[in-house]
Amino acid sequence: MNAVHHLPGEVLSAYIDEELTAPERREAEDHLGHCADCQDRLEGLRRVAGGLRSLERVAPPAMLEHGLRRHLAIDAKERGLRGRLEERSLAPRRLPTHFGLVFATVLAFAVILYLFAQALDVRQNGSIGAVGAEFEGARPAVAFERDGALWRQERVLGEPARIVEVESEEGRRLLADLPALLALIEGSEGVVLEIDGEVVLIRSRRSAP
Amino acid sequence: MTSQALSAPLEAPSSGQFERDLVARHRRGDPEAFDEYYQMFAGLIYNLTLRQCGDPEAASDLSQEVLIRVYRSLGRFKGHSTLKTWTYRVCINLCRSKLGRRRLVTLPLERDDGSLRDVPDEGPGPEARAISRSERDLLSAALPKLDLAFREAVVLRDLEDLSYQEIAEVLGVPIGTVRSRIARGRDQLRHLMAGEGEEP
């Protein structure tokens with residue numbers, strides 16, 4: 001009994017795309033001329049390819065450009081600040097005196113101590129998600145992760161000027177800009193942020209009335 | 001970014017020269033250069049991410065990340081490939097890193113208000129007209145369930161209309177691999193469609 005040979009799937013698929021060499025194409029057409037099974041498979045693959053090509057293109061949502069514009073503005077501001085700091089650090093200056101060296105060492109030590117204390121403080125507050133709950137107390141705080149670093153801001157004073165529900169359009173937009181906030185909001189009452197000088201509470205679903 | 005509408009140039013420069021100029025302007029800090037890039041490629045990026053992840057909101061987030069990445073690295077674009085191929089590559093790489101490990105969601109067929117989500121761009125060809133609406137819906141829902149490597153190849157071929165050579169450049173694999181992935185992806189889709197088309 002002779003074994004029945006069929007065309008491999010990738011030959012049929014490349015045949016549809018006209019990506020076979022001339023000899024491959026001739027061989028495929030010879031086979032297709034007398035093999036009903038391969039003709040059926042070819043038709044099935046054609047329908048898949050045709051169906052995919054018929055899926056219409058979708059216009060990008062307006063919020064994409066809006067979110068991008070906002071993000072790039074923040075990015076530009078941060079880069080400008082970084083640039084100014086770099087300029088300052090590169091500017092010509094007098095060599096530090098002995099006193100200056102001692103002062104710089106003490107200052108660096110104090111900064112390290114401060115950062116260490118801050119890190120401990122964050123840990124003592126429990127999970128990051130609990131930081132948002134500090135709004136319930138007297139001192140609202142902000143903490144979020146950005147570019148791999150944990151940012152914490154404790155000088156957001158006063159009651160929030162506005163409350164933004166996490167499910168609202170603005171809430172979604174803010175979370176799109178700072179997706180790390182999601183981790184803070186989950187499992188907490190919400191997060192307090194200072195946005196363009198205005199103190200805003202992004203309130204989680206859990207605390208919604 | 002500025003929000004000015006862009007007018008078409010009277011004489012289109014060659015794409016290579018145009019791209020070099022655009023990159024040079026972006027490098028010099030001309031904000032309109034990135035606006036032009038956005039006008040040219042935002043649709044491509046959004047559709048590619050949408051078909052990769054199957055969820056409009058996730059696609060919007062991914063597209064934003066791609067565009068931010070482009071904004072930061074466009075100045076270093078060397079012109080070894082076309083800007084379009086480079087854009088596909090940035091997009092595919094980001095989708096891989098973000099979607100590689102999580103379960104994908106399917107694309108709903110209609111908006112909440114019942115209106116169709118797709119915005120017509122070009123009319124379907126004769127082959128596409130023979131495809132029923134329900135088949136398109138099935139395909140749309142089945143696509144995000146494909147294995148990632150097959151999905152990338154199929155999307156670049158059948159939705160973005162790239163040649164096998166172009167797909168090989170974007171994915172950084174030999175043409176034989178592209179051929180095999182497209183075939184296996186289409187075959188998986190054929191089976192997925194057959195399975196989902198059956199009544200329970």
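**Cores and helices in a predicted model**

Mentor: In this predicted model, B:Cys91 is in contact with B:Ile45, B:Leu48, B:Thr49 and B:Val66, neighbours within four places in sequence being left aside.

Trainee: What makes B:Cys91 and B:Val66 a contact?

Mentor: The pair is listed as in contact, and the term requires C-beta atoms, placed from the backbone, within 7 Å. The C-beta atoms of B:Cys91 and B:Val66 therefore lie within that cut-off.

Trainee: Which residues touch the most other members of the largest nonpolar core?

Mentor: They are B:Val66, B:Cys91 and B:Ile167, in a core of 57 residues. Helix α2 of chain B, residues 31–53, gives the most to this core, with nine residues. A second, separate core has six residues, among them A:Val164, A:Val166, A:Leu174 and A:Ile202.

Trainee: How do you know that the span of helix α3 of chain B is close to the expected one?

Mentor: Helix α3, residues 56–73, has 18 residues and reaches 25 Å from its first C-alpha to its last.

Trainee: How many helices and strands does chain A have?

Mentor: Chain A has seven helices and five strands, in the order α-α-α-α-α-β-β-β-α-α-β-β from the N terminus. Of its 209 residues, 24% are buried.

Methods:
Residues are numbered from 1 along each chain as its sequence is written. Chains are lettered from A and ligands numbered from 1 in the order in which they are written. This is a predicted model: local features need pLDDT of at least 70, side-chain atom pairs count only at pLDDT 80 or more; totals for chains, interfaces and linings use all residues. A nonpolar core is a set of buried Ala, Val, Leu, Ile, Met, Phe, Trp, Tyr and Cys residues joined through C-beta atoms within 7 Å. A residue is buried if 20 or more other C-beta atoms lie within 10 Å of its own, exposed if 12 or fewer, and partly exposed in between; C-beta atoms are placed from the backbone. Helices (H or I, at least four residues) and strands (E, at least two) are DSSP runs, numbered from the N terminus. Two residues are in contact if their C-beta atoms, placed from the backbone, lie within 7 Å. The expected span of a helix is 1.5 Å times one less than its number of residues.
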